[in-house]
Amino acid sequence: MSEKSIPINLVLGSGGARGLTHIGVVKVLEERGFHIRSITGCSMGALVGALWVSGHLNEYDKWVRQLTRWDVFRFLDISLLGRAGMVKGDKLMERLEDWLGGVQMESLPVPLTVVAADIASRKEVWISQGDLLEAVRASIAVPGVFTPLVKHGRVLVDGGILNPLPIPPARMDGSTITVAVSLSGREVLHPMGNEPSGDTDATELQTSGVTTQRDDGELTEDPHSAIDGFLDNLQRFFGRDSDVSNRSSSNGIGEEKQGDVRSPPQQASATVVPALTDVMLGMFNTMQDTIARHQLAGNPPDILIDIPCNICESHEFHRASELVPAGEYWARKALDEQRERFS
């Protein structure tokens, strides 16, 4: 079924391997006749958005579906002695350079904004100009896991630490609608969308730090506390880098927006093991899921496509052949349920 051509501003959220569902969502939006006029993306949302705008998303889709567990481990390029993170990501960036290398964001056929965070100035950085690959590299650098991008005196990391679902506070164009894809949806019994007929009820996540809404609709979890909790946990494994925490520069590559984040620790301990990457990603996801739910409460999009937060673990990029179709499922379901908003 195809809708009439509808211009949209697309927002793609942060969430590790869950972001592979963005590929399926974009496919459904195109099938339904939606015309993407602009993309704002954070972390995996930034990567998928960059690949789509540059015309390489289908190639990436085919490539990532072929990855095995070992391939993912190899591309992570884990370094136990890295000062700024356990994952250097050099091998991954070499692969992404085949698709995104040498591209200036100003030359893209569709406007793209990539969201990162400057840990020195404690602000969001919205990047819409400059080198595309560098912008994506900054946006996917999970603090304490991936090494950050250092550019013009700034230390840039995953924007999900401040804004995992970067919905512009003011609609960019009154003639378009905003479609946001959140990777922080509530837990469901069948996150891949293959639930038996009639079994579509979702089950809320009830663990501490994630449940953010009471029965009366009042939000209960402070997103700033979630950020602090994440960074405090990082402190158990890493030491602070005073050079980073004391640096601040306005000579950067994007527009700053005020945030609330401490400088994350930078010195890796010799006792770190690869399994710790899972721990860090888990803590990061818990924090950003909390923030995303608060953001949606205060600044909802015109159309929301929710991906269940329990669809996979953050590092499970070898499950693309399941996650892409799951993204298609949740996109169709959300669009069918919210049809009156764009009909």
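## Two loop residues

Ser43 sits in the loop between β2 (34-42) and α2 (44-53). Helices and strands here are DSSP runs numbered from the N terminus, with at least four residues (H or I) for a helix and at least two (E) for a strand. Ser43 is not a glycine, yet its phi is positive, near 60 degrees. Ser43 is buried, with a relative accessible area of 5%. Buried means under 20% relative accessible area, exposed means over 50%, and partly exposed is in between (1.4 Å probe, protein chains only).

Arg122 also has a positive phi without being a glycine, at about 60 degrees. Arg122 belongs to the loop between β4 (112-118) and β5 (123-127). With 40% relative accessibility, Arg122 counts as partly exposed.

## The model and its overall make-up

This is a predicted model, in which local features need pLDDT of at least 70 and side-chain atom pairs count only at pLDDT 80 or more, while totals for chains, interfaces and linings use all residues. Residues are numbered from 1 along each chain as its sequence is written, and side-chain values use heavy atoms, with hydrogens and water left out.

The protein has 10 helices and 13 strands. Of its 343 residues, 57% are buried. The accessible surface comes to about 14200 Å², and carbon and sulfur atoms account for 48% of that. Accessible areas come from the Shrake-Rupley method with a 1.4 Å probe; for residues, only the protein chains shown count as cover.

A contact means heavy atoms within 4.5 Å. Among contacts between residues at least 6 apart in sequence, 79% join residues at least 24 apart.

## Helix α6

Helix α6 covers residues 132-139, and seven of its eight residues are buried, so the helix is largely enclosed by the rest of the structure. The buried residues are Leu132, Leu133, Ala135, Val136, Arg137, Ala138 and Ser139.

Asp131 caps the N-terminal end of α6. A side-chain oxygen of Asp131 lies 3.1 Å from the backbone nitrogen of Leu133. A polar contact is a pair of N or O atoms within 3.5 Å; within protein, one must be able to donate a hydrogen and the other to accept it, and residues adjacent in sequence count only if both atoms are side-chain atoms.

## An aromatic cluster

The whole structure holds four aromatic pairs. One of them is Tyr60 with Trp63, a tilted pair with 5.8 Å from centre to centre and 45 degrees between the planes. Rings of Phe, Tyr and Trp (its six-membered ring) pair if their centres lie within 6.5 Å; planes under 30 degrees apart count as stacked, over 60 as edge-to-face and the rest as tilted. Tyr60 and Trp63 are both in helix α3 (residues 57-65), three residues apart, about one turn of the helix. An α-helix has 3.6 residues a turn, so residues three or four places apart point the same way. Both Tyr60 and Trp63 are buried.

Trp63 also pairs with Trp99: the ring centres are 5.6 Å apart and the planes are at 70 degrees, so this pair is edge-to-face. Trp63 is in helix α3 and Trp99 in helix α5 (residues 90-100), so the pair ties together parts that are 36 residues apart in sequence. Trp99 is buried, as is Trp63. Tyr60, Trp63 and Trp99 form one aromatic cluster.

## Leu29 in helix α1

Leu29 is part of helix α1 (residues 21-31). Leu29 is buried, with a relative accessible area of 0%. Apart from neighbours within four places in sequence, Leu29 is in contact with Ile8, Leu10, Phe34 and Leu335.

Leu29 and Val179 are 150 residues apart along the chain, and 9.7 Å separates their C-alpha atoms.
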